[in-house]
Amino acid sequence: MLVRSGPENGGHWSVFGRGVGGLGEPAGVLDLGNSGTAVRLLIGVVATHPFKTTFSGDASLSKRPMERVMTPLRQMGAQFTARGGRLPITVSGTAGPIPITYELPVPSAQVKSAVLLAGLNPPGRTTVIEPGPTPDHTPRLPPPLGPQVADPGAAPRGDTARPPAPPAR
């Protein structure tokens, strides 16, 4: 992915992607400083891609639990190496991601977003059911960037859906 911004681009951000499944393995450890939201969302992004990514952070972030994000992503096929569910964490993303339906045990916008972002890669529908409302930043991303909110009048939930690949000929 290439991101451009600046006067030559009218001060607007432009993102040039490689398509679904186009992410590549990072060259080194991704240090997220003190950003718990960034690390949890990025863990979701890489969980359904077939490479390893190691995340680290500062002393404060390294004390925060990450297990609540890892639990649903394991159901999608990702594997994790971590000490006590905390940073540093190595994510071994899966080559065969599985769409899931996940009911959040407690409201969490970060877990919801991590699962929905992971659900953009596997074929099929990934659904997150919330026990109560949480901030909805990820479901509000415009198509085709983000997941769609299904039945907004019902129980809070977010869905992603990518049709299965056509049969090989």
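**Terms and the values behind them**

Author: The model is predicted. A salt bridge joins lysine 112 and glutamate 130, whose closest N and O atoms lie 3.4 Å apart.

Reader: What do lysine 112 and glutamate 130 tie together?

Author: Lysine 112 sits in helix H3 (residues 109-118), and glutamate 130 sits in the loop between strand E8 (124-129) and strand E9 (157-162), so the pair links parts that are 18 residues apart in sequence.

Reader: Why is the pair of lysine 112 and glutamate 130 called a salt bridge?

Author: The cut-off is 4 Å between a side-chain nitrogen of Lys or Arg and a carboxyl oxygen of Asp or Glu. With N and O atoms 3.4 Å apart, lysine 112 and glutamate 130 are within that limit, and therefore the name applies.

Reader: Are the two partners, lysine 112 and glutamate 130, buried or exposed, and how do you know?

Author: Buried means under 20% relative accessible area. Lysine 112 has 2% and glutamate 130 has 7%, so both are buried.

Reader: How many salt bridges does a search of the whole structure find?

Author: Two. Glutamate 67 and arginine 74 also form one, with their closest N and O atoms 2.5 Å apart.

Reader: What makes glutamate 67 and arginine 74 partly exposed?

Author: Partly exposed is the range between the buried limit of 20% and the exposed limit of 50%. Glutamate 67 has a relative accessible area of 32%, and arginine 74 has 38%. Both values fall in that range, so both residues are given that label.

Reader: How do you know that arginine 40 has no salt bridge?

Author: Arginine 40 is buried, and its nearest side chain of opposite charge, glutamate 67, is 11 Å away.

Reader: Where is arginine 40, and which residues does it touch?

Author: Arginine 40 is in helix H1 (residues 36-47). Leaving out residues up to four places away in sequence, its contacts are Arg64, Pro65, Met66, Arg68, Val69, Gln110 and Ala114. Two of these, Gln110 and Ala114, are among the buried residues of H3.

Reader: What makes H3 "mostly covered"?

Author: In H3, 10 of its 10 residues are buried. Serine 113 is one of them, with a relative accessible area of 5%, which is under the 20% limit and therefore buried. The C-alpha atom of serine 113 is 9.5 Å from that of valine 45, although these residues are 68 apart along the chain. Over the protein chain, buried residues make up 38% of the 169 residues.

Reader: Why are E3 and E5 called edge strands?

Author: The open sheet has four strands in the order E3-E4-E6-E5, with mixed pairing. Strand E3 (30-31) and strand E5 (79-83) each have a single partner strand, so one side of each has no neighbour in the sheet.

Reader: What makes E6 a partner of both E4 and E5?

Author: Two strands pair if there are at least two bridges between them. Four bridges join strand E4 (residues 52-56) to E6, and five join E5 to E6. Both counts meet the limit, so both are pairs. Each pair runs antiparallel. In E6, threonine 90 is the bridge partner of threonine 54, serine 92 that of lysine 52, and valine 91 that of phenylalanine 80.

Reader: What is the confidence of the model, and where is the pLDDT below 50?

Author: The average pLDDT of the protein chain is 81, and 69% of the residues score at least 70. The pLDDT is below 50 over residues 1-5, a stretch with 17 contacts in the model beyond near neighbours in sequence. It is also below 50 over residues 151-156, where the model has five such contacts.

Methods. Residues are numbered from 1 along each chain as its sequence is written. This is a predicted model: local features need pLDDT of at least 70, side-chain atom pairs count only at pLDDT 80 or more; totals for chains, interfaces and linings use all residues. Side-chain values use heavy atoms; hydrogens and water are left out. Helices (H or I, at least four residues) and strands (E, at least two) are DSSP runs, numbered from the N terminus. Buried means under 20% relative accessible area, exposed over 50%, partly exposed in between (1.4 Å probe, protein chains only). Lys and Arg count as positive and Asp and Glu as negative; His and the chain ends are not counted. Contact means heavy atoms within 4.5 Å. pLDDT is the predictor's confidence in each residue, from 0 to 100.
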